[in-house]
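Here are a few notes to read alongside the model, for anyone opening it for the first time. Take a look at the fold, then go through the points in order.

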Amino acid sequence: MSPLHLSFYSAFTLSSLGLAFHRTHLISALLCLESMMLSMYIALSAWPIENQTTTSTLMPMFMLSFSACEAGTGLATLVASTRTHGSDHLHNLNLLQC
């Protein structure tokens, strides 16, 4: 395994572990999701360069646009939950109380 692949895999694994274990604030969950998307974007950008193919060069752009939409939706959810509940703690967000 090359050091490039190791860095992609470790970044994705660390961000998914952060998402799984540090779920106190909504902003920390959003940051973990963004780092997962960033590591996937860099991996998808480097993959056609390593294989000398041009067939999947549009895939990183789709991933980047979905990541921007996900970030916007996450920040809108953060602002809405902070206004209604007073904080961004995830234990305050309960679908049964809405």
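This is a predicted model: local features need pLDDT of at least 70, side-chain atom pairs count only at pLDDT 80 or more; totals for chains, interfaces and linings use all residues.

1. The protein chain has three helices and zero strands, and reading along the sequence gives you the pattern α-α-α. Its radius of gyration is 17 Å, well over the 13 Å that the globule rule gives for 98 residues, so the chain is more spread out than a compact globule. Along the principal axes, the C-alpha atoms fill a box of roughly 50 × 25 × 20 Å.

2. Now for the pair α1 and α2. Helix α1 covers residues 3–21 and helix α2 covers residues 26–51; their axes come within 8 Å and cross at roughly 160°. An angle over 145 degrees counts as roughly antiparallel, and α1 and α2 are therefore roughly antiparallel to each other. Their crossing is left-handed.

3. Who touches whom here? On the α1 side, the contact includes Leu4, Phe8, Phe12 and Leu19, along with His5 and Gly18. From α2 come, among them, Leu33, Met36, Met40, Ile42 and Glu50. Sorted by class, the α1 and α2 contact has 13 nonpolar, six polar and one charged residues.

4. Next comes α2 with α3. Helix α3 takes in residues 59–85, and α2 packs against α3 at an angle of about 175°, with the axes 10 Å apart. That makes α2 roughly antiparallel to α3 as well. By class, this contact has 17 nonpolar, five polar and two charged residues.

5. What does UniProt list as "transmembrane region"? The entry, which is unreviewed, gives residues 6–22, 29–49 and 61–80. In the model, residues 29–49 are 100% helix and 0% strand, with their end C-alpha atoms 31 Å apart. Residues 61–80 are likewise 100% helix and 0% strand, and the end C-alpha atoms of that stretch are 29 Å apart.

Methods:
Residues are numbered from 1 along each chain as its sequence is written. Side-chain values use heavy atoms; hydrogens and water are left out. Axes are lines fitted to C-alpha atoms, for helices over the stretch in contact, and angles run from 0 to 180 degrees between N-to-C directions. Helices (H or I, at least four residues) and strands (E, at least two) are DSSP runs, numbered from the N terminus. Angles under 35 degrees count as roughly parallel, over 145 as roughly antiparallel, 65 to 115 as roughly perpendicular and the rest as oblique. A crossing is left-handed if the near helix is turned anticlockwise from the far one by less than a right angle, and right-handed if clockwise. Contact means heavy atoms within 4.5 Å. Ala, Val, Leu, Ile, Met, Phe, Trp, Tyr, Cys and Pro count as nonpolar, Asp, Glu, Lys and Arg as charged, and the others, Gly among them, as polar. UniProt positions are given in the numbering used here, feature names are shortened, and annotations may be inferred rather than shown by experiment. The radius of gyration is taken over C-alpha atoms; the globule rule is 2.2 Å times the number of residues to the power 0.38.
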